[in-house]
Amino acid sequence: MLDALIAGGWGLLAGAALVLGALLGYALRVPPRWVALVMAFGSGVLLSAVSFELIDDAHERGGLAPTALGAALGAALYTGANAVLARRGARHRKRSGGQQPSEGERPGSGSAIALGALLDGVPESVVIGASLIGGGAVSAATVGAVFVSNVPEGLSSASGMRRAGRSPRYVFGLWSGIALVSGVSALLGRTVLGGMPDAALAGVTALAAGAILAMIADTMIPEAFEQAHLLTGLVTVAGFLAAFALSQA
């Protein structure tokens, strides 16, 4: 039980970065180019964590087949759910510009954005909890990657929500709720997945990794490139190397 509570605490900490980012994005007028650069850095950090923490761990536990199948399924599930939410107004939920629709322009878009935020955050939190399975210490690289990537996600999205006329109550209620769900997801990742055989655990870890990879490609990189342009690749690689260095420390 203690391990589950610890996992929940780490998930909550990583999720709290969304609230921090939302506070910065809503209260300050951060230049879009700077938001994009931080988003690119966060993308690189997550790419590194997926590669060296999640996919590598899944492969060690279950081999190539469960890893490949899990990652492909995770990407497919994320893409399908994201497509449904995009048609309901959540396509630009991470955009800091004027792309997000207001509730008056697109009724129901607020609920779609909230569900989209859950879709983006739950896989990351589950793998934080899963990293504690077996009595080991939590993966600092995974927690750090999720935390660093969550700051620009909350910042960019909250900035876009402010432009769309959404109230502070909605913005901070949404991200605070997602932070709490992140903690619960990490707790469940530790308890529910803890009894699984290695092959099944490998498949679930890879599924989360596939969903995160699809999320990076579908939502984070486009937002970064829109404003940072040719600097996106350089800053993304910097984030990738920073996270890799942390994982080797």
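Helix α7 is followed by His 229, whose phi is positive, near 55°. His 229 lies in the loop between α7 and α8, and its positive phi occurs in a residue other than glycine. With a relative accessible area of 42%, His 229 is partly exposed; buried means under 20% relative accessible area, exposed over 50%, and partly exposed in between (1.4 Å probe, protein chains only).

This is a predicted model, in which local features need pLDDT of at least 70 and side-chain atom pairs count only at pLDDT 80 or more, while totals for chains, interfaces and linings use all residues. Residues are numbered from 1 along each chain as its sequence is written, and side-chain values use heavy atoms, with hydrogens and water left out.

The chain has eight helices and zero strands. Helices (H or I, at least four residues) and strands (E, at least two) are DSSP runs, numbered from the N terminus. The mean pLDDT of the chain is 83, and 88% of its residues reach 70 or more; pLDDT is the predictor's confidence in each residue, from 0 to 100. Among the elements, α4 has the lowest mean pLDDT (76) and α8 the highest (90).

Buried residues make up 48% of the 249 residues. The accessible surface comes to about 10500 Å², of which 71% belongs to carbon and sulfur atoms; these areas come from the Shrake-Rupley method with a 1.4 Å probe, and for residues only the protein chains shown count as cover. Among contacts (heavy atoms within 4.5 Å) between residues at least 6 apart in sequence, 85% join residues at least 24 apart.

The largest nonpolar core has 29 residues, and those with the most contacts inside it are Leu 46, Leu 54, Ile 128, Ile 212, Met 215 and Met 220. Helices α2 (32–62), α4 (109–130), α5 (140–163), α7 and α8 (231–248) each supply at least two residues of this core. Its largest share, 10 residues, comes from α7. A nonpolar core is a set of buried Ala, Val, Leu, Ile, Met, Phe, Trp, Tyr and Cys residues joined through side-chain atoms within 4.5 Å. Not counting residues up to four places away in sequence, Leu 54 touches Ala 49, Val 127, Thr 205, Ala 209 and Ile 212. A second, separate core of 10 residues includes Leu 18, Ala 158, Leu 174 and Trp 175.

Helix α7 (residues 198–228) also bends, by about 40° at Ile 216. The bend at a residue is the angle between axes fitted to the seven residues ending there and the seven starting there. Ala 214 and Leu 77 are 137 residues apart in sequence and 9.5 Å apart in space, C-alpha to C-alpha.

Ser 182 belongs to helix α6 (residues 168–193). A polar contact of 3.4 Å joins the side chains of Ser 182 and Ser 125. Such a contact is a pair of N or O atoms within 3.5 Å; within protein, one must be able to donate a hydrogen and the other to accept it, and residues adjacent in sequence count only if both atoms are side-chain atoms.
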